[in-house]
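Biologist: I would like to learn how to read the helices and contacts of a model. Could we go through them one by one?

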Amino acid sequence: MRKIKKQKIYLLALLLPFILFVIGFEIGPLLAMIKNSFYADDGIQVTIDQYITIFQSDFYLQAIQNSLVISLFSAVVSVIIAVIAAYSITKFSQKIQNRLLMIANMTSNFEGIPLSFSYIILLGNNGLFTLLFAKLGWEVFADFNLYSWTGLILVYIYFQIPLAVMLIYPSYQGIKKQWKEASSLLGGSSFSFWRRIGIPVLLPSIVGTFSILFANAMGAYATAYALVGSNYNLLSLQIASLVASDVALKPQLGSALGVLLALTMIGAMWFNERMMRRIRRDLR
């Protein structure tokens with residue numbers, strides 16, 4: 001028993017740096033943000049006026065709505081494409097699969113300012129492809145505006161797809177070849193196999209991936225800021241402008257918006273957990 005206790009103490013000691021890191025860089029700022037959101041602009045008086053201001057302002061409500069719409073849309077499209085792409089990857093040899101996954105892993109980390117700058121160079125008003133196609137007489141990007149909602153959606157989907165592929169791909173390893181053979185022997189078609197067996201097995205992974213992509217898009221800041229700046233009203237952009245702006249510095253209001261953003265992500269995680277429990281229960 002003493003040996004076991006010593007081992008537990010030793011393991012806790014090894015975890016201590018990680019625990020301190022979590023408290024210092026995650027839990028601490030979160031508690032400070034929640035506390036700061038209940039102060040007035042003077043930072044002294046305790047009040048809920050910051051939340052009242054948000055829910056009475058069409059501007060901030062529009063920011064929340066825009067963030068929800070772009071997050072939902074990009075997550076849904078990315079999951080659909082990733083399901084097809086991950087299935088296609090499984091059809092190659094193991095060597096090619098490893099290379100494709102390596103490329104997906106590298107691409108999933110290509111976001112933020114470098115990604116926006118790349119899109120501006122390629123598809124901006126004076127971008128490479130925009131000028132090339134115009135010179136060739138192809139009006140492919142004649143009505144396309146990279147700095148609009150369509151361009152923002154395109155960029156969001158681009159950096160969401162590789163992450164979705166990395167998350168969904170392992171689920172295909174759980175679909176055994178014997179299941180397909182048994183379904184075929186019983187007279188089932190390929191469509192019926194995926195409808196009755198394949199998709200239900202993949203569903204927990206798909207739902208989990210969707211919630212992660214939704215949270216990832218809700219919290220994205222650098223990509224949107226570098227691409228559209230203040231031309232599009234997003235929640236993450238408004239939080240940054242209130243906390244770090246030189247013109248309208250209101251950290252208390254920004255903290256309140258940050259709390260609402262955190263609650264939205266927690267709600268997405270809670271919904272994901274409920275859905276996954278129900279799906280697993282139905283599969284038993």
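Modeller: Start with the elements: helices (H or I, at least four residues) and strands (E, at least two) are DSSP runs, numbered from the N terminus. By that scheme, Leu213 is found in helix α9. The model is predicted, so local features need pLDDT of at least 70 and side-chain atom pairs count only at pLDDT 80 or more, while totals for chains, interfaces and linings use all residues. Residues are numbered from 1 along each chain as its sequence is written, and side-chain values use heavy atoms, with hydrogens and water left out.

Biologist: Is Leu213 buried or exposed?

Modeller: Buried means under 20% relative accessible area, exposed over 50%, and partly exposed in between (1.4 Å probe, protein chains only). Leu213 has 0% relative accessibility, so it counts as buried.

Biologist: With which residues is Leu213 in contact, leaving aside its neighbours within four places in sequence?

Modeller: Contact means heavy atoms within 4.5 Å. With those neighbours set aside, Leu213 is in contact with Ala75, Ser78, Val79, Gln160, Leu163 and Ala164. By contrast, Ile175 is 38 residues from Leu213 along the chain, and their C-alpha atoms are separated by 23 Å.

Biologist: How are two packed helices described?

Modeller: By the angle between their axes and the distance between the axes. Axes are lines fitted to C-alpha atoms, for helices over the stretch in contact, and angles run from 0 to 180 degrees between N-to-C directions. The axes of α3 (residues 58–89) and α9 (residues 190–218) come within 9 Å and cross at roughly 140°. That makes α3 oblique to α9; angles under 35 degrees count as roughly parallel, over 145 as roughly antiparallel, 65 to 115 as roughly perpendicular and the rest as oblique.

Biologist: Which residues make the contact of α3 with α9?

Modeller: Among them are Ser71, Ala75, Ser78 and Val79 of α3, and Trp194, Phe210, Leu213 and Met218 of α9. By class, this contact of α3 with α9 has 14 nonpolar, five polar and no charged residues. Here Ala, Val, Leu, Ile, Met, Phe, Trp, Tyr, Cys and Pro count as nonpolar, Asp, Glu, Lys and Arg as charged, and the others, Gly among them, as polar.

Biologist: At what angle do α3 and α11 pack?

Modeller: At about 135°, with the axes of α3 and α11 (residues 235–244) 7 Å apart. The two are therefore oblique to each other. Phe59, Tyr60, Ala63, Ile64 and Ser67 in α3 meet Leu235, Ser236, Gln238 and Leu242 in α11. Their classes are six nonpolar, three polar and no charged.

Biologist: What about α5 and α6?

Modeller: The axes of α5 (residues 113–123) and α6 (residues 128–136) cross at roughly 10° and come within 3 Å. That makes α5 roughly parallel to α6. Ile121, Leu122 and Leu123 of α5 make the contact with Leu128, Phe129 and Thr130 of α6.

Biologist: How is a polar contact read?

Modeller: It is a pair of N or O atoms within 3.5 Å; within protein, one must be able to donate a hydrogen and the other to accept it, and residues adjacent in sequence count only if both atoms are side-chain atoms. Ser108, in α4 (residues 94–108), has a polar side-chain atom 2.7 Å from the backbone oxygen of Asn105. Ser108 counts as buried at 13% relative accessibility. Thr47 sits in the loop between α1 (2–36) and α2 (49–56), and its side chain reaches the backbone nitrogen of Asp49 at 3.0 Å. Thr47 is buried too, with a relative accessible area of 12%.
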